[in-house]
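I opened this notebook to keep track of what I looked up. The entries follow in the order I made them.

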Amino acid sequence: MAKKYRYGPVAPCKQAVIFARVSTKEQEPGASLKAQKEAMEDYCNKKGLPIVKKYKAIESSTNGKRVQFNEMLDFVRKQKQKTAIVVHCIDRFQRRFNECVEVESLLLDDKTDLHFCKEGLILTKNSSSSDIMRWDMGILSGKMYVANLRDNVNRGMNYNWSIGKYQTKAPVGYLNVNKDIIVDPDRAPFVKKMFEMYATGLHSIKSLHNFATEMNLCSSHSKTNKPLGRETIYAMLKNPFYYGEMVIRGEKMPHAYEPLIAKSLYDKVQELLSGGKIHTRTQEYAGIPFVFRGLVKCAECGCTISSETHKKKSGRTYTYLRCGHTKGICNQELVSEDLLLQQLDGEVFSKIRLSRNILEPLKKCVQKRLIEESDANMVMKRKITTELNNLEARERRIKDSFFDGDITREEWQEEKANIVAKREELQKTAEKYADISKDIQITVNEVLDIAATVSDIMKEANPTQQNKLLSLMLAECYLDGQKLIYKLQKPFDKLVNLKNANTWFDFDKSDIKEYETMAEKVQMYKIEREQSVHCM
C-alpha cells in the first residue's frame, strides 16, 4: 500500500458505521456475526460514537466484487459529517490489499477514521508508519490464512480424489447421502435405459428427451422437478462417471462408487455421438425397414451400401442393395437381398444347429466355467482391496512421520510417489477381474439359445428384427460383386458346424472375456428387438 501522509488537524468523527462480515451463508446462523456486532456496539458506546448504519456482509473477502463492502464505503463518502468505520478486526474487514486504495483515499480526504476494535488500532490521515505497518501486517496475516486454508482444502481434495471420492453434486442417477454417493433407486434404471436406447442407433437426443419427459425424469438436485433438458441429457451421455471414472481438472480417474453401465456400452454411445457410426433406424424414423440397413459397405470404394425396392410388372416387390457412390462411380452393381440371405443361410444359419444333446452340455459347461472364473475373480479382488487399504494406511504413516520430523520432505515425497504408482498398478490389475454377474450368466444361455434357432428366427422375423440379429452376428461386412464378405462375431464363429461340446469347450480366460462382451451385445439385441416389435 502506498504510504502518504497529510499532516494537519484531524476532524473528530461525529458518527459511525459498523461492519460485520462472514464468508458464506452457512456461517450466518453461527455466533460470529452476533459477537462482532455486540463488540462493535459496545466499542462505539465507550467512544461516544452514535451508529448511523449497521452493515452485515455475507461475502468472501478474497473472491467476488464485495458488493456490501463497496456499498459501505460509498455511504461513508457521501456523508456530510465525518463518519468512522468501525470493524471488529482487520481480518473481518479485508484479507487482500486491493481495497486499500479506496480506503486510504477516504482516510486522506479526512472523510473517515478506521477503527479496529480487537487490535485497538485507529487509523487517520495522520497515522504513523508503524500504525500503517500494523494494518499491512494484519492484511498479510489474513491473506496467509486464506492461502493456508486453500492449501489444506486442496490437500484434502487431492487425497479424496486419490481414493476415488467425488466431491461435488452427484450426477443424475446417483444421490448425495451423508458425504457419500449412492445409486438412486428411482432414477438409475432410467439413466441406464437411456444409454441402452441411444446405443441401439434407433434414438436421438430428442427422442431421449421425450422419454425423459414421459418418465418425469429430473435431477435429484432440481427444486422444480422439471424434466431433464437436451443439453443435460447430452452431458449425461458424455459423462464417464456412469461406467466408473470421474473427470477431475480435465483428467479421468477411477471413482469408488457403483457404476450404472459397462465401459463397452459407454464406448458404443460415444461412437454414435461422435458420428463415427451410422444410426440404423426403424420405420418410425426412416421409412421402410431393410434387412441390411447400415451393415454393409462397398468392397471397391468403401461407401455405404443402401437398400431399395423395385416393383416388377407382375406387381411383386423385390429388394436390392446398391452402392451409394458418394466417393465416385465404382463397378458395384445391384444385388438382390434374397441372394445374400441365401448365401448366409448356406454358410452360417443352417450350419449353426445345436441339437439338445449338444446345447444342454454346452450351457452347463459355460455356466461352470463362468462360476469358477467369478469365484477366482472375487478372491483376487479381495486381495487387491486389502493391498489398497494397506497402501492407504502406509501413506498416512509416512505423512505422520514427516510432520513428526522423522523423515525429510524428499523422503516423504519419494515414498508417496512409490505408493501412488503402486496404487495405480493395483487399480489397473483390478480391472482385469471384473465381476461376472448373474445377468451375464443368464445372457450367455440366451446367446446359445439364439444360436440354436438362428435359422428359424431369420425365416420368421420381419426385416427390422432380421437387421438386429445380423448386427449381433456379423462384423466388417462388404459387398464384393454378388457376394457378401463378412466376419462372424464371437462366439457364433465357433458354433458353425459344432458337433461335440467337449471338442470346443477347452478354452481359457480370454474366451470367458469374449462371452462377457457378447453378453452385453445380446442384451442390446433384446432391447432393439423389443422396440422393433413395439413399433410394428
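I began with F69, which counts as buried because its relative accessibility is 0%. The model I am reading is a predicted one. I then looked up F93, and at 0% relative accessibility F93 counts as buried too.

I checked how these two rings sit. F69 and F93 form a tilted aromatic pair, with 5.1 Å centre to centre and 55° between the planes. F69 lies in helix α2 (residues 67-78) and F93 in helix α3 (residues 90-93), so the pair ties together parts 24 residues apart in sequence.

Which ring pairs edge-to-face with F93? I found F19, at 6.2 Å centre to centre and with 85° between the planes. F19 is in strand β1 (residues 15-22) and F93 in helix α3, so this pair ties together parts that are 74 residues apart in sequence. F19 and F93 are both buried.

I also noted R66, which lies over the face of F69 at 4.1 Å from the ring centre.

**Other rings**

I noted 12 aromatic pairs in the structure. Ring pairs link Y166, Y174, F195, F241, Y242 and Y257 into a cluster. K263 lies over the face of Y243, at 5.3 Å from the ring centre.

**A sheet and its helices**

I turned to an open sheet of 3 strands, in the order β10-β14-β15 and with mixed pairing. On average, neighbouring strands here are turned by 25° against each other, direction ignored.

I looked at β10 next: its pairing with β14 (residues 474-480) is parallel, over 3 bridges. The bridge partner of C298 in β14 is L479.

Helix α11 (residues 337-347) packs on the sheet and touches β14 and β15, its direction making about 40° with that of β15. Helix α16 (residues 463-473) lies across β14 and β15 and runs at about 105° to β14.

**Cores**

I looked up the largest nonpolar core and found 35 residues, with F292 and M473 having the most contacts inside it. Helix α16 gives the most to this core, with 4 residues.

What does M473 touch, leaving aside neighbours within four places in sequence? I listed its contacts, among them V348, F349, I352, V454 and F492. A second, separate core has 34 residues, including I205, L208, A212 and M246.

**Helix α4**

My last entry is on helix α4 (residues 100-108), where the buried residues include C100, V103, L106 and L107. Just after α4, D110 takes a positive phi of about 60°.

Terms used: Residues numbered from 1 in each chain as written. Predicted model: local features only at pLDDT ≥ 70, side-chain atom pairs only at ≥ 80, totals over all residues. Heavy atoms only, no water. Pairing = 2+ DSSP bridges. Helix = DSSP H or I, 4+ residues; strand = E, 2+ residues; numbered from the N terminus. Axes fitted to C-alpha atoms, helices over the stretch in contact; angles between N-to-C directions. Contact = heavy atoms within 4.5 Å. Core = buried A, V, L, I, M, F, W, Y, C linked by side-chain atoms within 4.5 Å. Buried < 20%, exposed > 50% of the residue type's maximum accessible area, 1.4 Å probe, protein only. Phe/Tyr/Trp six-rings, centres within 6.5 Å; stacked < 30°, edge-to-face > 60°. Lys NZ or Arg CZ within 6 Å of the ring centre and 35° of its normal.
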